[in-house]
Amino acid sequence: MSSFGMRHPTDEQLLYFVDGELAVRAGENVRGHLQACWECRQELEEIEHTIRECVRYRRVVLDACVPSPPQPWFDIYPRLARIDEMQARRHFAARVWEWLATVWHRPRQWVPAIIALVLIALLVQQLRQAPAVQAAELLRKAVAAADSRPLGTRRIRIRTRTQHLTRIVGPRVPAARTSSESESSTRLETLFRAANYSWDDPLSAKAFASWRDQLAIKHDEITVAPDHYRLHTVTDSGELVEATLKLNAADLRAVEGTLQFRNHELVEISELSEVLPSADLPVPRGLPSADPALSSQDAVRAGSPVVQATPGDELAVLAVLHNLGADLGDPIEVIRAGGEVLVSGIGIGDARQEQIRQQLRAMTRVTVHFSADPPAQAADDRTPSRISVGPGTGPLQAEMERRLGGRALFEQFADQVFDTTDRFMSRAHALRRIEQHFPVAIEEQMTAEDRTLLARIREDHIEKFLENVAITERQIGSVLDTTPQGVPSLSAAGSWQGQTEPLFIAARNTESLLAALLGSSTDQVAADLPAKTVSSLAQLRVCAENYRRISASQ
Amino acid sequence: MFSDSLLEKLTGALASAETRSLLQDEVAQLFEQMRDGVFRYVLSLGLRPPQAQETTQEVFLRLYAALKRSEPIQNRRAWVVRVAHNLALKVRAQQTAQSPFAAELEARFPDTGLNPEQGLLERERLHLFHRAMESLSTQQRRCLDLRLEGLRYPEIASVLGISPSAVGEFLRRAIVRLRKAAHE
């Protein structure tokens, strides 16, 4: 519900606004927005109209129907006077007792609070004196513990309000940016460096300690939990004004961090997988094979040349996953970092893991690392949300039910549509992932052979995508007599990379419209919903055909 | 003529009478303003009219007694409705054998004074709106009733023992449900 980047108030905010319950500033913001936005003014008018109807209903219906009190209202003054008399007549002891009871009842509310406050004050006093020392000591121990651990790499996720990226960090990883890191990470790196916070290994006690040590004025807080310590440092100086580091209680390993910068940028860093000891990592191609135990770290130290994994290596891995169908929903991530391609996944079944390992075993410069943890809530939106038909049906759904011959058949029909929607959405996600792995600059470095392989994978996805869009169009066409409108013509300009995001957005819009049409969501319910859905499907088909044409020509 | 001590006693008694009178006036004024709304509200909680009236009157006597005991009551309006709410639920619980009051509204939509065709349309609209009102959940309906009585969100929250944001959410959902009926 956004046009030209406008952020419309929610209907809850509008109701709060109408009722005068918004804070002054928020109220001014809404008022300012309403002056500019016709759509929200209409929304507001509808809320006010509903409120007027409520008032009218009460006046016309309820007030007229609610019975009058069976007796005239009593004269309250004599009753109040009687209360006075009763109170006056009471024995002095009774009044004292009442007063004591009142006093007794009230302290039961505030005495515990007072005790708690005193305890908190004592605790705060103690913590205010101790944390600075404790923090320095804790960090010193954590740095020592990190130094004593075997050298290795690990995967971390960095999230900001607008982006997230996954990085491989550790001593084996060169400072140069990996292919999986987007160009936008440059801005973050600059921010980290300006704050004197290590970008090379930001989720570490060492980085935190280095930043903290150079602060002239700082305030520390330490929270101790059974399984972790949380260190929170606030300062007025520098670009980074607040930082939190969570350390595992068992081994003092940094597992989570939050950084609040002066420009209000909030960065959350979390560990994605365990440390990969150097010895577990494969020896990169190009290293002397006489000593298979020699790690690439050793090779770097010895000054031996290290062959870096290429986009071709990454593509070869993706091709294997594609042939296994593991690029269509399995929570598998492929990252090219350092000298290798890292294939990782969380919550993959044992059989599937073995299948993937077997196929990738022969490949050099590839590390496979699956975690047994259940899949976390995906931060990106690659997994299509599960849609189910809700129990409520509006007039549109009722009409479709009628055409299909009943509720049961309608539900069966909706399930079929959602299945094909899921299928084309999974292809859209796969194409998007390919575009993220192989932007124009990377593709230009690839060999002709690799580019052909990449084109073949794209072709496969887009063919299946079109197939499922066509099935959906037929399914919807069987229950709606609507002609698509505003369908754009084919054009073959631009790169396949440039066509990917519009295709993805068009697919997601169509998915939303289909969900609304079939009664699974109320996001876009409107009279012209059938026409919009049919047109959206037709536009999606044209968009996909454009993609196919451009992809084939490159 | 009067000794100093007698004069002091008289002045104290007058001051006390004046204080009492002021407090009585305040409660009596509040009773005047709020009794119909409170009566209507406790009826909506399922009390029969005689019990509803008795409960309403009782609440204001309790308010006076509480004020006399110097209990800290920051918002008298909210206090009255909260006590009425609790008292009504207690009374209702003791009278489970009785069926609660339910105005048979559908059979009693009043004559709107319009011509027959307009009157029919108007009755149809009211009927639809009534149906939508009936479809609200208990909490939505209570929040709406109290809002219609002029209570603010924090006051409603204190009456129902929920948070002000929950009040906002119940009202929002109620408005969403009623909106369709209001626009037909």
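Let's start at A:Ala205: leaving aside its neighbours within four places in sequence, A:Ala205 is in contact with A:Leu139, A:Ala142, A:Val143, A:Ala146, A:Leu245, A:Leu247, A:Leu252 and A:Ala254. By contact I mean that the C-beta atoms of two residues, placed from the backbone, lie within 7 Å.

A quick word on the model. It is predicted, and local features need pLDDT of at least 70, side-chain atom pairs count only at pLDDT 80 or more, while totals for chains, interfaces and linings use all residues. Residues are numbered from 1 along each chain as its sequence is written, and chains are lettered from A and ligands numbered from 1 in the order in which they are written.

Back to our alanine. A:Ala205, A:Phe208, A:Leu503 and A:Ala544 touch the most other members of the largest nonpolar core, which has 79 residues. A nonpolar core here is a set of buried Ala, Val, Leu, Ile, Met, Phe, Trp, Tyr and Cys residues joined through C-beta atoms within 7 Å. Buried means that 20 or more other C-beta atoms lie within 10 Å of the residue's own. Helix α14 of chain A, residues 407–437, gives the largest share of this core, 11 residues. There is also a second, separate core of 54 residues, and among its members are A:Ile51, B:Leu87, B:Leu126 and B:Phe170.

Now the chains themselves. Chain A has 18 helices and 11 strands; helices are DSSP runs of H or I with at least four residues, strands are runs of E with at least two, and both are numbered from the N terminus. Of the 554 residues in chain A, 30% are buried. One piece to look at is the hairpin of β6(A) and β7(A), with four residues between the strands and A:His264 in the turn at a positive phi of about 75 degrees. Strand β6 (residues 254–261) and strand β7 (residues 266–271) of chain A pair in the antiparallel sense over five bridges, where pairing takes at least two DSSP bridges. A:Glu256 has A:Ser270 in β7(A) as its bridge partner.

And chain B? It has seven helices and zero strands, and 33% of its 184 residues are buried. Helix α6 (residues 153–160) of chain B and α7(B) have axes that come within 8 Å and cross at roughly 100 degrees. Those axes are lines fitted to C-alpha atoms over the stretch in contact, and angles run from 0 to 180 degrees between N-to-C directions. So α6(B) and α7(B) are roughly perpendicular to each other, a label for 65 to 115 degrees. B:Tyr153, B:Pro154, B:Ile156 and B:Ala157 of α6(B) make this contact with B:Pro164, B:Val167 and B:Gly168 of α7(B).

How do the two chains meet? In chain B, 39 residues are in contact with 33 residues of chain A. The elements giving two or more residues to that side of chain B are α1 (4–44), α2 (49–68), α4 (116–134), α5 (138–148) and α7 (164–182). That side divides into 25 nonpolar, six polar and eight charged residues; Ala, Val, Leu, Ile, Met, Phe, Trp, Tyr, Cys and Pro count as nonpolar, Asp, Glu, Lys and Arg as charged, and the others, Gly among them, as polar.

Let's finish with one crossing between the chains. The axes of helix α3 (residues 38–65) of chain A and α4(B) come within 11 Å and cross at roughly 105 degrees, so α3(A) and α4(B) are roughly perpendicular to each other. Here A:Glu53, A:Tyr57, A:Val60 and A:Val61 meet B:Leu126, B:Phe129, B:His130 and B:Met133.

Key:
Buried ≥ 20, exposed ≤ 12 C-beta atoms within 10 Å, placed from the backbone. Parallel < 35°, antiparallel > 145°, perpendicular 65-115°, else oblique.
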